Amino acid sequence: MRSGLDVFTHRHYPSRIRGGHTYVEVRATPDGAASRGDGYNFLLALGDSFARNPSEDAYYGNEELKPLTENLDDLREGGIIVYDSGLIDDEQVEEIDLHERAEENGWHVYPVDLRGIAKEHGREIMRNNAGIGVTAALLDMDTSEYEGIMEEMWNDDILEANLAVIQDGFEQAQEFDQTHDLEMPEHTAPEEEQALVSGSDAIAYGALDAGCRFISGYPMTPWTDVFTIMSQNLPQFGGISEQVEDEIAAASLALGASHAGVKAMSGSSGGGFALMSEPLGLAEMSETPVVLVEAMRAGPSTGMPTKPEQADLEHVLYTSQGDSTRVVLAPGDQQECYEQIRTAFELAYDYQIPALLIYDQKLQGELRNVDASFFDQEPDGDPGSVITEEEIAEAAEHHAGKFKRFQYDADDGKEGVSPRSVPGQKGGRFLATGNEHNEAGHISEDPTNRVLQMDRRLGKLASIREELDEKGNQTHHGPDEAEYGIMCWGSHQGTVFEAVDRLNDAGHSVKAIGVSDMMPYPEAEVSEFLESVVECLVVEMNATAQFRGLTQKELGRFGPKLSSLLKYNGNPFEPAEIVEGFESSINGEDLAVNNMKYVPAAGD
């Protein structure tokens, strides 16, 4: 990134505490990287430091060999393999038929004693830098930017040893017979300073800039990243972070902090968020603003805790009791994470409603470069629709002497929003309860009051929809006049957009829309998109087409136009998979791969 390339990463790691095969995909390009690629063309196998049993009879297989063998099916023709001969010997290489497979696929194999290089200059742990040196030499890549990062991090003794390891690896690789044709793309230094951020970084930075000064939570992958980043940064802004005993307490503490007048948030993943259903319902009934984030992972139950899936949408839309009155946003990239968490706080505190941000393990951890200036946005300390003591003195009172906190007919320009006081304000006393209540907060089961209060709370969503329409959270891509459409939501938006470009280059006529507003649903904008196309493929990472189901619930007349491309094997979509899924759908052919599922339109 520092040398001028756009980068995109994706992390793969097991959920077992004992460890196992762990790796990172890195994609680098001079002209924008918004997705993982189709396979890869360079494998650097460092060796698994968590390997407990190198035996083939071990339950999880020979984990010493997995860094070399596990991903060979995705290595592209003509690719490069560098493996650590200090760990894997010639006999093991013969056992896995590496040379035969290399010959079949035109792979270039380079065994290097990475551990030996590291030990010669210090400790074995530095073998990754030996790998960097080898990689740089093979790809004709300058190591100066990498060395500059190290100089910023370490003192002279550590730095000198690591620089020597890089140089040794570089020099050894220069002696190899290099017959491959891979090299780093041409690039120049970036015109503007870049920030390398994950979705979790962007959510945390956006929350801080939105004025959030309290967070409570319990660690759970993959939500933990946001919780950790917020906890590290809140103290310098005068904020507070609390790790509590469970997710019920976490959401309840955030609710209490917000009731007291502080902008607050909490969050979790999967089963942890399920425990938040009761305080979430309390927030809806008591009209206490709060922001919750839900980081999806493959379920049900514990499922695959470290793998991405988009199967919690219905869970987030409808969990709690009765009819939901909440905002749910689903950002599609890092910039949208930053912008939409700020929107969530704005809506929550203006409309006295819980606002939820839903994302997944892919967006949580993937790194992309963003112009650093993007984050130079004004912070927002506005507490929302809180009125002053002077305004309370002029406000309507209940005959019992309490402030009409839940006034039927309040008129402040936002439908359904009643004046809000916070504890300590003179004259602002009211009852806060999870029961249905009258205007002063007293429990009421009167039928007329129930309808008035329920309609008032639901009425907020209409005003919020108007405000969201002005913000324009949905993202469009491709030619306006295209014949076919693709719809998506969340983290694979960039992958879908890259697939759309490829399809149009191949002669198809396709456009896409990435939808972020899950509740209230953007009926007008999505309707306009669907009316303009003959058919639309809905792409999502779950087994039951939850977003397509939501769209058909809100816009039933378009059901015959909507088909689904689904993937739920724990790995995100690649652009080529979406291209194949689209072409198979319009040609009426079966998918040639077994890691995706095509579901035709209703009635087909």
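Colleague: Why is serine 266 called buried?
Modeller: Its relative accessible area is 0%. Buried means under 20% relative accessible area, exposed over 50%, and partly exposed in between, with a 1.4 Å probe and protein chains only. So serine 266, at 0%, counts as buried.

Modeller: A word on what you're looking at. This is a predicted model, where local features need pLDDT of at least 70, side-chain atom pairs count only at pLDDT 80 or more, and totals for chains, interfaces and linings use all residues. Residues are numbered from 1 along each chain as its sequence is written, and side-chain values use heavy atoms, with hydrogens and water left out.

Colleague: Where does serine 266 sit, and what does it touch?
Modeller: You'll find it in strand β9, residues 264-268. Strands (E, at least two residues) and helices (H or I, at least four) are DSSP runs, numbered from the N terminus. Not counting residues up to four places away in sequence, serine 266 touches a set including Ser216, Trp223, Met276 and Val291. Contact here means heavy atoms within 4.5 Å.

Colleague: What makes arginine 420 buried?
Modeller: Its relative accessible area is 3%, so arginine 420 goes down as buried. That residue is in the loop between α16 (389-394) and α17 (447-471). Leaving aside neighbours within four places in sequence, arginine 420 is in contact with His259, Tyr349, Gln352 and Phe403, among others.

Colleague: What does the side chain of arginine 420 reach at 2.7 Å?
Modeller: The backbone oxygen of serine 258. A polar contact is a pair of N or O atoms within 3.5 Å; within protein, one must be able to donate a hydrogen and the other to accept it, and residues adjacent in sequence count only if both atoms are side-chain atoms. Serine 258 also shows up among the residues in contact with arginine 420.

Colleague: How do you know that glutamate 287 is buried, and what is its phi?
Modeller: Glutamate 287 has 1% relative accessibility, so it counts as buried. Its phi is near 55°, a positive value in a residue other than glycine. Its place is in the loop between α12 (277-286) and β10.

Colleague: And why does alanine 545 count as buried?
Modeller: Because its relative accessibility is 12%. Alanine 545 lies in the loop between β18 (536-540) and α20 (546-554), and its phi is near 55°, again positive in a residue other than glycine.

Colleague: Which peptide bond into proline 300 do you call cis, and which one into proline 520?
Modeller: The bond from glycine 299 to proline 300 has omega near 0°. From methionine 519 to proline 520, omega is near -5°. Proline 300 is in the loop between β10 (290-296) and α13 (313-318); proline 520 is in the loop between β17 (517-519) and α19 (523-531).

Colleague: Zooming out, how do you know that the chain agrees with a compact globule?
Modeller: The radius of gyration is taken over C-alpha atoms, and the globule rule is 2.2 Å times the number of residues to the power 0.38. With 604 residues, that rule gives a value near 25 Å; the chain has 27 Å, so the two agree. The C-alpha atoms fill a box of roughly 90 × 60 × 50 Å along the principal axes.

Colleague: How many helices and strands does the chain have, and what share of its residues count as buried?
Modeller: There are 21 helices and 20 strands, and 54% of the 604 residues count as buried.
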